[in-house]
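Subject: Structure handover

Hi,

Here is the structure I promised to pass on. Please load it first; my notes follow below.

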Amino acid sequence: MPSLLERVMPRTVALLVASLLGACASTTPQQDLSPGTDRNSLPRNWAQGPNHAAATAPASGFADAANPAEKAHPLLQDSLQPGVAIDLNEARASADLWVRLRSGFAMPELDNDGVRRAEVWYSSRPDYVQRMTERGGRYLYHVIEEVEKRGMPTELALLPFVESAFNPQAMSTAKASGMWQFVPATGRDFALKQNIFRDDRRDVLASTRAALDYLERLNKMFGGDWQLALAAYNWGQGNVQKAINRNKSAGLQTDYDNLKIPDETRYYLPKLQAVKNIVLAPQKFGLSLPAMSNHPYFLSVTLDRDIDVDLAARLAGMKVDEFKQFNPQMNKPVMLAAGSNQMLLPYDNAKSFADGLAAHRGPLASWTAWTVTQTMSPATAAKQVGMDEALLREINMIPPRMLVKQGSTLLVPRAAHRIEDVSEHMAENASINLAADTPPLRRVSYKAGKGDTVESMASRYRVSSAQVAEWNKVSVKSSFKPGQTVVMYQAFATKRLAMAKQSNAAGKPATAAKATPNGKANSKPNGTRTVAAKSGGGGLTSGTAVHQMSKR
């Protein structure tokens, strides 16, 4: 992989990028705001960060390219460090980032069989190590910066290599996500928003902030012992504390080496130590590390308008998959200005984005959010918003045979009456709630006949043995005593139910619906109706009587 310095544009072009990004609030193409247009109703405003230089736009909406000397040309800045100028030609920027990383190592050394095993694992997979370190090169500078700001040992910047191989879109079987591998609950504890529009556990900046906050808390909790803090990061702080308490009660030492912990956690620190050893001396393991220069790889660009992911990638001159590697938190094909109001762009794509944005005519976003006013089927929702049902299901991840509940938020196409950007409240709190699209069920009570079992009743009424067992709180191998009450749930016959409703509306008593052996049941019934019946050697043998009625 070429060095980051080699990948970025020459300084003269870099200065132009800074100027374009700094003044892009002034490059606002005129909007057609006439009724019925599909243009956005608010002006665009894009900025590099809080300290961007704003200039007055000419009436045409374009920056005054004819008089470049009159425009400010600030030095290229890292928008994550406003006011700190970056000169890509200075010696510090071209220094080796690996050297800077090594100089901050401060954690106790581990030297055990686990470390040897991890070293062998990595060294026998040079292609994997190459991919992992090249991918990590996009984010490592930022992580090191944040670690150093907090005075933490720089070994912690290597932790994403162990957690996710520095893949911000990684997802574990335990539903841990992102390059720092937050499970949903812990992510929420550290203000990582997870809703239908975005998952901040995958956000490079937000997840790094949260992970270092968590590690600082754990380090303080365990008396400054980084080994215990890392064990807690992997296994959970409560589990580590319990292990410490057990050792205290038994009169044993309570350091990392002496705690009884799961094999995965026991191997966690050795893997980090092995990565550290490889960074210290890659040639010792027959490996090589890609060159990394000591300057930021990306800019953080502020979003003042909603924009389609596809369009943003195209304006930046990037493939969508590559764009998502820098902005992996997005769950939908649109980025919301009111949500995570920034996107990351590599330096060498910043000029393309600024130029493309200035020249773009037309809407920035083709999607918006819509709140469902009443519980409805996806087909009904699609018809209301003028959208293909299959596409609505796909975009909003609605499984078959499900209803969309009232108050849910769906992503739908913009239209003449839906042109506003998504509000902050909706961007932060949007959710989708689904309900099973099943007919109402009735609770039917049978009297078991001689020889009736869970399996025979399930077969007779065409439901599963597990359902019958669950409804009656018995095992699937159980038998019923003659005369014992057996509970079943079955679907109402649609026509008979409609007739019953009409009869009730006319003030006449409803005829009790008979049990229908062909009706299928769900393991967790919705609203139910209870019917008493007898079962003897097979089917219903007597009339039914309604004891209780409840609505779905």
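The side chain of N472 reaches the backbone nitrogen of V487 at 2.7 Å. Bear in mind that this is a predicted model. N472 lies in helix α20, which covers residues 465-472. N472 is buried, because its relative accessible area is 16% and the cut-off for buried is under 20%. Neighbours within four places in sequence aside, N472 is in contact with F480, T485, V486 and V487.

K473 sits in the loop between α20 and β10, the latter spanning 485-491. K473 is exposed, with a relative accessible area of 73%. Its phi is near 55 degrees, a positive value in a residue other than glycine. For background, most residues other than glycine have a negative phi.

A191 also has a positive phi, about 60 degrees, although it is not a glycine. A191 is in the loop between α8 (184-189) and α9. At 58% relative accessibility, A191 counts as exposed.

R202 is placed in the loop between α8 and α9. Is R202 buried or exposed? It is buried, with a relative accessible area of 13%. Not counting residues up to four places away in sequence, R202 touches P168, Q169, S177, G178, P328, Q329, M330 and N331. One of these also takes part in a polar contact: the backbone oxygen of Q329 lies 3.4 Å from a polar atom of the R202 side chain. R202 and M179 are 23 residues apart in sequence, yet their C-alpha atoms are 6.8 Å apart in space.

On to S207. S207 lies in helix α9, residues 204-221. S207 is buried, so its relative accessible area is under the 20% cut-off; the value is 1%. The side chain of S207 reaches the backbone oxygen of V204 at 3.5 Å. Leaving aside neighbours within four places in sequence, S207 is in contact with M179, W180, F182, L192, D200 and R201. The C-alpha atoms of S207 and Q329 are separated by 9.9 Å, and the two residues are 122 apart along the chain.

The largest nonpolar core has 92 residues. Which residues have the most contacts inside it? They are W180, L215 and Y233. Helix α9 gives the most to this core, with 9 residues. Neighbours within four places in sequence again aside, the contacts of W180 are V143, L156, L159, P160, E163, S207, T208, A211, L212, L215 and Y233. A second, separate core has 25 residues, including V334, V385, I395 and V422. In soluble globular proteins, nonpolar side chains tend to be buried together.

Now two helix pairs. Two packed helices are described by the angle between their axes and the distance between the axes.

Helix α4 (residues 113-123) packs against helix α5 (residues 126-136) at about 90 degrees, with the axes 6 Å apart. That makes α4 roughly perpendicular to α5. From α4, the contact uses W121, Y122 and S123; from α5, P126, Y128, V129 and M132. By class, this contact has 6 nonpolar, 1 polar and no charged residues.

Helix α16 (residues 378-385) and helix α17 (residues 389-396) pack at an angle of about 105 degrees, and their axes are 9 Å apart. That makes α16 roughly perpendicular to α17. P378, A379, A381, A382 and V385 of α16 meet E389, L392 and R393 of α17. By class, the contact has 6 nonpolar, no polar and 2 charged residues. V385 of α16 is in this contact, and V385 is also included in the second core.

Last, the whole chain. How many helices and strands are there in the protein chain? There are 21 helices and 12 strands. Of its 552 residues, 49% count as buried. Among contacts between residues at least 6 apart in sequence, 72% join residues at least 24 apart.

Best wishes

Notes. Residues are numbered from 1 along each chain as its sequence is written. This is a predicted model: local features need pLDDT of at least 70, side-chain atom pairs count only at pLDDT 80 or more; totals for chains, interfaces and linings use all residues. Side-chain values use heavy atoms; hydrogens and water are left out. Helices (H or I, at least four residues) and strands (E, at least two) are DSSP runs, numbered from the N terminus. Buried means under 20% relative accessible area, exposed over 50%, partly exposed in between (1.4 Å probe, protein chains only). Contact means heavy atoms within 4.5 Å. A polar contact is a pair of N or O atoms within 3.5 Å; within protein, one must be able to donate a hydrogen and the other to accept it, and residues adjacent in sequence count only if both atoms are side-chain atoms. Axes are lines fitted to C-alpha atoms, for helices over the stretch in contact, and angles run from 0 to 180 degrees between N-to-C directions. Angles under 35 degrees count as roughly parallel, over 145 as roughly antiparallel, 65 to 115 as roughly perpendicular and the rest as oblique. Ala, Val, Leu, Ile, Met, Phe, Trp, Tyr, Cys and Pro count as nonpolar, Asp, Glu, Lys and Arg as charged, and the others, Gly among them, as polar. A nonpolar core is a set of buried Ala, Val, Leu, Ile, Met, Phe, Trp, Tyr and Cys residues joined through side-chain atoms within 4.5 Å.
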